[in-house]
Amino acid sequence: SVLTHKKNNYVDLNIIKTYIIFVIIGVLAGTVFAALMQTKALVLFFSLVVYFLGTYLLLSSNKNINSKKKFNLFSRIITGFISGFVSASMGIGGAVMNVPVLRYFGYPIKKAIGSASAIGLIIAIFGAIGFLISGSFLEANLPLSIGFINLPAFFIFIPITTFMARVGANTIHKVDKNKVQAFFGLFLFVIGTIFIYRFLNL
(Lines give C-alpha, C1' and ligand atoms only; values in the text may rest on other atoms or scores of the structure.)
Protein backbone atom coordinates (compact mmCIF):
# COMPACT_ATOMS: atom_id res chain seq x y z
CA SER A 1 0.00 0.00 0.00
CA VAL A 2 2.74 2.45 0.97
CA LEU A 3 4.78 1.69 -2.16
CA THR A 4 1.72 2.15 -4.38
CA HIS A 5 0.80 5.48 -2.76
CA LYS A 6 4.42 6.64 -2.96
CA LYS A 7 4.56 5.70 -6.64
CA ASN A 8 1.64 8.08 -7.19
CA ASN A 9 3.36 10.79 -5.11
CA TYR A 10 0.78 10.66 -2.32
CA VAL A 11 3.16 10.03 0.61
CA ASP A 12 4.55 13.10 2.35
CA LEU A 13 7.84 11.90 3.84
CA ASN A 14 8.53 15.26 5.49
CA ILE A 15 5.49 15.09 7.76
CA ILE A 16 6.24 11.46 8.57
CA LYS A 17 9.83 12.21 9.60
CA THR A 18 8.76 14.94 12.03
CA TYR A 19 5.61 13.22 13.33
CA ILE A 20 6.34 9.52 13.58
CA ILE A 21 8.43 9.58 16.79
CA PHE A 22 5.41 10.81 18.77
CA VAL A 23 3.26 8.12 17.14
CA ILE A 24 5.78 5.43 18.16
CA ILE A 25 5.78 6.65 21.77
CA GLY A 26 1.98 6.45 21.74
CA VAL A 27 2.07 2.95 20.24
CA LEU A 28 4.41 1.63 22.92
CA ALA A 29 2.28 3.20 25.66
CA GLY A 30 -0.85 1.74 24.05
CA THR A 31 0.55 -1.79 23.97
CA VAL A 32 1.39 -1.60 27.69
CA PHE A 33 -2.06 -0.19 28.47
CA ALA A 34 -3.82 -2.89 26.45
CA ALA A 35 -1.79 -5.62 28.15
CA LEU A 36 -2.40 -4.41 31.70
CA MET A 37 -5.71 -2.56 31.80
CA GLN A 38 -9.41 -3.11 31.14
CA THR A 39 -10.31 -1.46 27.85
CA LYS A 40 -14.10 -1.09 28.04
CA ALA A 41 -14.03 2.66 28.70
CA LEU A 42 -11.40 3.14 25.99
CA VAL A 43 -13.59 1.27 23.48
CA LEU A 44 -16.48 3.67 24.16
CA PHE A 45 -14.18 6.69 23.96
CA PHE A 46 -12.68 5.45 20.69
CA SER A 47 -16.14 4.85 19.20
CA LEU A 48 -17.23 8.41 19.98
CA VAL A 49 -13.98 9.85 18.58
CA VAL A 50 -14.38 7.84 15.37
CA TYR A 51 -17.99 9.05 14.95
CA PHE A 52 -16.77 12.62 15.42
CA LEU A 53 -13.96 12.19 12.85
CA GLY A 54 -16.33 10.52 10.39
CA THR A 55 -18.81 13.38 10.74
CA TYR A 56 -16.02 15.91 10.12
CA LEU A 57 -14.94 14.15 6.91
CA LEU A 58 -18.50 13.85 5.64
CA LEU A 59 -19.38 17.48 6.32
CA SER A 60 -16.19 18.75 4.68
CA SER A 61 -16.13 16.33 1.74
CA ASN A 62 -17.37 18.96 -0.71
CA LYS A 63 -15.18 21.75 0.65
CA ASN A 64 -11.76 22.69 -0.64
CA ILE A 65 -9.36 22.91 2.29
CA ASN A 66 -6.37 24.48 0.58
CA SER A 67 -4.76 26.51 3.36
CA LYS A 68 -2.87 24.34 5.81
CA LYS A 69 -3.43 25.04 9.47
CA LYS A 70 -0.19 25.26 11.40
CA PHE A 71 0.88 21.71 12.23
CA ASN A 72 3.36 22.85 14.86
CA LEU A 73 5.40 20.79 17.31
CA PHE A 74 2.74 20.85 20.03
CA SER A 75 0.04 19.65 17.59
CA ARG A 76 2.30 16.84 16.36
CA ILE A 77 3.11 15.69 19.89
CA ILE A 78 -0.54 15.56 20.97
CA THR A 79 -2.09 14.08 17.81
CA GLY A 80 0.85 11.72 17.24
CA PHE A 81 0.73 10.29 20.74
CA ILE A 82 -3.07 9.94 20.76
CA SER A 83 -3.22 8.30 17.33
CA GLY A 84 -0.46 5.84 18.23
CA PHE A 85 -1.93 5.07 21.65
CA VAL A 86 -5.47 4.48 20.41
CA SER A 87 -4.37 2.56 17.30
CA ALA A 88 -2.20 0.16 19.32
CA SER A 89 -4.61 -0.37 22.22
CA MET A 90 -7.57 -0.92 19.86
CA GLY A 91 -5.62 -3.00 17.33
CA ILE A 92 -6.50 -0.80 14.34
CA GLY A 93 -4.53 0.67 11.45
CA GLY A 94 -3.09 4.15 11.58
CA ALA A 95 -5.33 5.53 8.82
CA VAL A 96 -8.46 5.57 11.00
CA MET A 97 -6.94 8.23 13.24
CA ASN A 98 -4.41 9.93 10.98
CA VAL A 99 -6.42 10.56 7.80
CA PRO A 100 -8.81 12.95 9.61
CA VAL A 101 -5.88 14.55 11.47
CA LEU A 102 -3.92 15.24 8.27
CA ARG A 103 -7.09 16.35 6.48
CA TYR A 104 -7.81 18.83 9.28
CA PHE A 105 -4.35 20.33 8.85
CA GLY A 106 -5.03 20.92 5.17
CA TYR A 107 -3.60 17.89 3.41
CA PRO A 108 -5.51 16.74 0.28
CA ILE A 109 -7.51 13.60 1.03
CA LYS A 110 -5.45 11.32 -1.21
CA LYS A 111 -2.15 12.57 0.24
CA ALA A 112 -3.64 12.19 3.73
CA ILE A 113 -4.54 8.57 2.97
CA GLY A 114 -1.15 7.82 1.42
CA SER A 115 0.80 9.41 4.28
CA ALA A 116 -1.44 7.71 6.86
CA SER A 117 -0.71 4.34 5.24
CA ALA A 118 3.01 4.92 5.83
CA ILE A 119 2.31 5.93 9.43
CA GLY A 120 0.15 2.81 9.76
CA LEU A 121 3.08 0.64 8.65
CA ILE A 122 5.20 2.02 11.49
CA ILE A 123 2.32 1.55 13.94
CA ALA A 124 1.97 -2.09 12.85
CA ILE A 125 5.68 -2.82 13.26
CA PHE A 126 6.10 -1.22 16.68
CA GLY A 127 2.69 -2.46 17.85
CA ALA A 128 3.65 -6.03 16.99
CA ILE A 129 6.98 -5.67 18.79
CA GLY A 130 5.23 -4.18 21.82
CA PHE A 131 2.63 -6.96 22.04
CA LEU A 132 5.29 -9.62 21.52
CA ILE A 133 7.39 -8.25 24.37
CA SER A 134 4.51 -7.48 26.75
CA GLY A 135 2.89 -10.88 26.16
CA SER A 136 6.18 -12.65 26.76
CA PHE A 137 6.87 -10.60 29.89
CA LEU A 138 3.40 -11.34 31.29
CA GLU A 139 3.77 -15.03 30.29
CA ALA A 140 0.49 -15.01 28.36
CA ASN A 141 1.04 -18.63 27.19
CA LEU A 142 -1.57 -18.39 24.44
CA PRO A 143 -1.77 -21.35 22.02
CA LEU A 144 0.32 -21.05 18.85
CA SER A 145 1.42 -17.58 19.87
CA ILE A 146 4.53 -15.60 20.71
CA GLY A 147 3.53 -13.14 23.38
CA PHE A 148 0.17 -11.76 22.26
CA ILE A 149 0.83 -12.45 18.55
CA ASN A 150 -1.05 -15.44 17.16
CA LEU A 151 1.17 -17.04 14.51
CA PRO A 152 -1.53 -18.76 12.36
CA ALA A 153 -3.51 -15.50 12.14
CA PHE A 154 -0.32 -13.60 11.31
CA PHE A 155 0.69 -15.88 8.44
CA ILE A 156 -2.85 -16.15 7.06
CA PHE A 157 -3.63 -12.44 7.03
CA ILE A 158 -0.27 -11.11 5.80
CA PRO A 159 -0.57 -12.35 2.17
CA ILE A 160 -4.29 -11.48 1.97
CA THR A 161 -3.93 -7.95 3.32
CA THR A 162 -0.76 -7.31 1.30
CA PHE A 163 -2.60 -8.15 -1.93
CA MET A 164 -5.78 -6.23 -1.08
CA ALA A 165 -3.83 -3.18 0.18
CA ARG A 166 -2.25 -2.82 -3.25
CA VAL A 167 -5.66 -3.20 -4.93
CA GLY A 168 -7.20 -0.61 -2.62
CA ALA A 169 -4.34 1.85 -3.08
CA ASN A 170 -4.59 1.62 -6.88
CA THR A 171 -8.37 2.00 -6.77
CA ILE A 172 -8.35 5.08 -4.58
CA HIS A 173 -6.35 7.07 -7.14
CA LYS A 174 -9.03 6.48 -9.78
CA VAL A 175 -11.89 7.88 -7.67
CA ASP A 176 -12.90 11.54 -7.34
CA LYS A 177 -11.30 13.09 -4.24
CA ASN A 178 -14.62 14.28 -2.78
CA LYS A 179 -16.08 10.80 -3.09
CA VAL A 180 -12.95 9.32 -1.51
CA GLN A 181 -13.36 11.57 1.54
CA ALA A 182 -17.09 10.78 1.81
CA PHE A 183 -16.41 7.03 1.54
CA PHE A 184 -13.75 7.28 4.24
CA GLY A 185 -16.16 9.17 6.48
CA LEU A 186 -18.76 6.42 6.03
CA PHE A 187 -16.07 3.82 6.70
CA LEU A 188 -15.35 5.50 10.05
CA PHE A 189 -19.05 5.31 10.93
CA VAL A 190 -18.94 1.56 10.25
CA ILE A 191 -15.84 1.19 12.43
CA GLY A 192 -17.46 3.21 15.22
CA THR A 193 -20.60 1.06 15.08
CA ILE A 194 -18.53 -2.14 15.29
CA PHE A 195 -16.76 -0.87 18.38
CA ILE A 196 -20.04 0.24 19.99
CA TYR A 197 -21.25 -3.32 19.48
CA ARG A 198 -18.07 -4.62 21.09
CA PHE A 199 -18.52 -2.20 23.98
CA LEU A 200 -22.06 -3.45 24.62
CA ASN A 201 -20.82 -7.04 24.65
CA LEU A 202 -17.80 -6.57 26.93
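This is a predicted model: local features need pLDDT of at least 70, side-chain atom pairs count only at pLDDT 80 or more; totals for chains, interfaces and linings use all residues.

Q: Which residues make the nonpolar surface patch?
A: The patch is made by Leu121, Ile125, Ile129, Leu132, Ile133, Ile146, Leu151, Phe154, Phe155 and Ile158, and covers about 880 Å². Two elements give two or more residues to it, namely α6 (109-137) and α7 (151-172).

Q: And which element gives the most?
A: Helix α6 does, with five residues.

Q: Take Leu151, then. Where is it, and how accessible?
A: Leu151 is placed in helix α7. Its relative accessible area is 30%, so it counts as partly exposed.

Q: Back to α6. Ser134 is there too; is it buried or exposed?
A: Ser134 belongs to helix α6, and it counts as buried because its relative accessibility is 13%, where the cut-off for buried is under 20%.

Q: Changing topic: how many residues are in the largest nonpolar core?
A: That core has 40 residues, and Phe46, Met90 and Ile119 touch the most other members. At least two residues each come from α2 (13-36), α3 (40-59), α4 (73-90), α5 (95-104), α6 and α8 (177-200).

Q: What does Phe46 touch?
A: Apart from residues up to four places away in sequence, Phe46 is in contact with Val86, Met90, Ile92, Val96, Met97, Ile191 and Phe195. Of these, Met90 is also named with Phe46 among the core residues that touch the most other members.

Q: One more residue: where does Asp12 lie?
A: Asp12 is in the loop between α1 (2-7) and α2.

Q: Why does Asp12 count as buried?
A: Its relative accessibility is 14%, and buried means under 20%, so Asp12 falls in that class.

Q: What does the Asp12 side chain reach, and what else does Asp12 touch?
A: The side chain reaches the backbone nitrogen of Asn14 at 3.0 Å. Not counting residues up to four places away in sequence, Asp12 touches Tyr107, Lys111 and Ser115.

Note on methods:
Residues are numbered from 1 along each chain as its sequence is written. Side-chain values use heavy atoms; hydrogens and water are left out. Patches are made of residues with over 30% relative accessible area and no salt bridge: like charges are joined within 9 Å, nonpolar side chains (Val, Leu, Ile, Met, Phe, Trp, Tyr) within 5 Å. Accessible areas come from the Shrake-Rupley method with a 1.4 Å probe; for residues, only the protein chains shown count as cover. A salt bridge is a side-chain nitrogen of Lys or Arg within 4 Å of a carboxyl oxygen of Asp or Glu. Helices (H or I, at least four residues) and strands (E, at least two) are DSSP runs, numbered from the N terminus. Buried means under 20% relative accessible area, exposed over 50%, partly exposed in between (1.4 Å probe, protein chains only). A nonpolar core is a set of buried Ala, Val, Leu, Ile, Met, Phe, Trp, Tyr and Cys residues joined through side-chain atoms within 4.5 Å. Contact means heavy atoms within 4.5 Å. A polar contact is a pair of N or O atoms within 3.5 Å; within protein, one must be able to donate a hydrogen and the other to accept it, and residues adjacent in sequence count only if both atoms are side-chain atoms.
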